[in-house]
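I opened a new notebook page for this model. These entries record what I looked up, in the order I took it.

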Amino acid sequence: MPVSDASAAPSFSGSAAASEGGWLTPEQMAQRLNVSRRCLGNWARDRIIPMIKIGRVCRFDLPQVMAALKQHEQGTAKR
């Protein structure tokens, strides 16, 4: 029976990571920003906000997204 070390692999699920500013699902990020998932997807597609995609799983880092939105709001977003 293989023994798995849960602390060795990063966890993308659960609200604990989200409350600590960790990786958020598209649903969680859209809710935090008070926008639709479609709007969030458009921003990610247009590279307004950063997103990480591993396989078919997309995640957003709240501090990075907030910084990108602030920078975009100021009109100096890097593209």
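This is a predicted model: local features need pLDDT of at least 70, side-chain atom pairs count only at pLDDT 80 or more; totals for chains, interfaces and linings use all residues.

Residues are numbered from 1 along each chain as its sequence is written, and side-chain values use heavy atoms, with hydrogens and water left out.

Entry: salt bridges.
I took a salt bridge as a side-chain nitrogen of Lys or Arg within 4 Å of a carboxyl oxygen of Asp or Glu. I found 2 salt bridges by this rule. In one, Asp-46 meets Arg-45, with the closest N and O atoms 3.2 Å apart. I noted Asp-46 as partly exposed at 34% relative accessibility, and Arg-45 as exposed at 56%. Another joins the side chains of Arg-37 and Glu-27 at 3.3 Å, N to O. Arg-37 lies in helix α3 (residues 37-45) and Glu-27 in helix α2 (residues 26-33), so this pair ties together parts that are 10 residues apart in sequence. Glu-27 is partly exposed, at 41%.

In what order do the strands of the open sheet stand? I read β1-β3-β2, an open sheet of 3 strands with antiparallel pairing. β1 and β2 are at the edges with a single partner strand each, so one side of each has no neighbour in the sheet. Two strands pair here if DSSP finds at least two bridges between them. In general, the strands of a sheet pair through backbone hydrogen bonds, either parallel or antiparallel.

I then went through the pairs. Strand β1 (residues 23-24) meets β3 over 2 bridges, and Leu-24 has Phe-60 as its bridge partner in β3. Strand β2 (residues 52-54) meets β3 over 3 bridges, and Lys-53 has Cys-58 as its partner there. β2 and β3 make a hairpin with 2 residues between them, and Gly-55 in the turn has a positive phi of about 65°. Of the 5 residues of β3 (residues 57-61), 4 are buried.

Entry: Thr-25.
Is Thr-25 buried or exposed? Thr-25 sits in the loop between β1 and α2 and counts as buried at 15% relative accessibility. Leaving out residues up to four places away in sequence, Thr-25 touches Cys-58, Arg-59 and Phe-60, where contact means heavy atoms within 4.5 Å.

Entry: the core.
I took a nonpolar core as a set of buried Ala, Val, Leu, Ile, Met, Phe, Trp, Tyr and Cys residues joined through side-chain atoms within 4.5 Å. The largest one has 12 residues, among them Leu-24, Met-29, Leu-40, Phe-60 and Leu-69. Helices α2, α3 and α4 (62-73) each supply at least two residues of this core.

Note on methods: Buried means under 20% relative accessible area, exposed over 50%, partly exposed in between (1.4 Å probe, protein chains only).
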